[in-house]
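Please look through the model below before reading the numbered points. They take up the loops, a strand and the ligand in turn.

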Amino acid sequence: MVPIHIEGLVFRPGGRTVLDGLSASITPAGVTAVIGPNGAGKSVTLRMIDGVLRPDAGSIRFGDRSPQDVRRAFVFQKPGLIRGTVAQNVALALAPLRLSRSTVSTRVEAALNRVGLGNRARDAARKLSGGEQQRLALARALIVEPELLLLDEPTANLDPGATEAIEEIIAATAQAGTKVLLVSHHLGQVARLATDVLVLSQCRAVEHGPAQSVLTAPRTSEARAYLKGELPWTSFAVAC
Ligand SMILES: Nc1ncnc2c1ncn2[C@@H]1O[C@H](COP(=O)(O)OP(=O)(O)OP(=O)(O)O)[C@@H](O)[C@H]1O
Ligand SMILES: [Mg+2]
């Protein structure tokens, strides 16, 4: 991967300010966790990095690479599954590549094995449990061998066992060289997985540093308020 340079992102849908000059430099390796209160703009920022949402101002650069050339995959909190089998859902991600049928089936099998769903290939995808569906979503993301993996609360609503299974896959993926950006409210998960933590609050990135120091000794009052879960208003992303 290459570093991601985010400079001065502004997002004002309908005149309401959501982001107002968000800047950050993200290193090419490891897991960067993006944390912050509800409505802080974490999902918006991830979608801007993915290129599906355009900022009103500011830029996102991937070193000297063109954004379209950076192979990336996105996993949402709720996996959007099509009717059909587990294997068909995973194969869908390869459709634009126009590969031979046998290559697709080899890669689907490998991707499903990687997430522990090798024996479920022919099952109806929508009949899988929530945790299994999330592993399917990861298989669908990993099959394109992304350089950049964008994860938006991939374990929300999952039980501890399913969460651990997903975390193992994320850790192994990062270890193998994929850059991971992880939005999560699970601070334990952030501590387990993240190399560095970016805190969004009040329309900006208010803090960015090594996971251990941000989580245990945040420097800014906004990061401290979020991490301490102060209620009611300081933990919400109020106007900037
Ligand atoms: N496509 C869009 N058009 C207009 N407004 C949007 C769009 N996407 C998000 N927003 C608004 O941007 C704000 C930030 O949303 P976002 O989903 O990024 O928050 P978040 O930090 O991910 O919060 P949460 O922790 O609840 O997931 C919200 O007020 C939301 O309504
Ligand atoms: Mg979100």
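1. Helices (H or I, at least four residues) and strands (E, at least two) are DSSP runs, numbered from the N terminus. R98 is found in the loop between α2 (86-91) and α3 (101-114). The model is predicted, so to speak of local features pLDDT must be at least 70, side-chain atom pairs count only at pLDDT 80 or more, and totals for chains, interfaces and linings use all residues. Residues are numbered from 1 along each chain as its sequence is written, chains are lettered from A and ligands numbered from 1 in the order in which they are written, and side-chain values use heavy atoms, with hydrogens and water left out.

2. Which residues have a positive phi without being glycine? R98 is one, with a phi of about 50 degrees. Most residues other than glycine have a negative phi. R98 counts as exposed because its relative accessibility is 78%; exposed means over 50% relative accessible area, buried under 20%, and partly exposed in between (1.4 Å probe, protein chains only).

3. N157 also has a positive phi, near 70 degrees, and is not a glycine. Its place is the loop between β6 (148-152) and α5 (160-175). With 73% relative accessibility, N157 counts as exposed.

4. Strand β3 (residues 31-35) is mostly covered, with five of its five residues buried. V31, A33 and I35 point one way from β3, while T32 and V34 point the other way. In a regular strand the side chains alternate between the two faces of the sheet.

5. Which strands pair with β3? Two strands pair if DSSP finds at least two bridges between them. Strand β7 (residues 179-183) runs parallel to β3 and is joined to it by four bridges; V34 has V183 as its bridge partner there. Strand β8 (residues 196-201) also pairs with β3 in the parallel sense, over four bridges, and I35 stands opposite V199 in β8.

6. Ligand 1 is surrounded by 15 residues, and the closest are G39, K42, S43, V44 and H185; a residue is near a molecule if one of its heavy atoms lies within 4 Å of it. Helix α1 (residues 42-50) gives the largest share of this shell, four residues.

7. Polar contacts are pairs of N or O atoms within 3.5 Å. A polar side-chain atom of S43 lies 2.8 Å from an oxygen atom of ligand 1. For E153, a polar side-chain atom is 3.4 Å from an oxygen atom of ligand 1.

Technical notes:
Polar contact = N/O pair within 3.5 Å; in protein donor to acceptor, adjacent residues only side chain to side chain.
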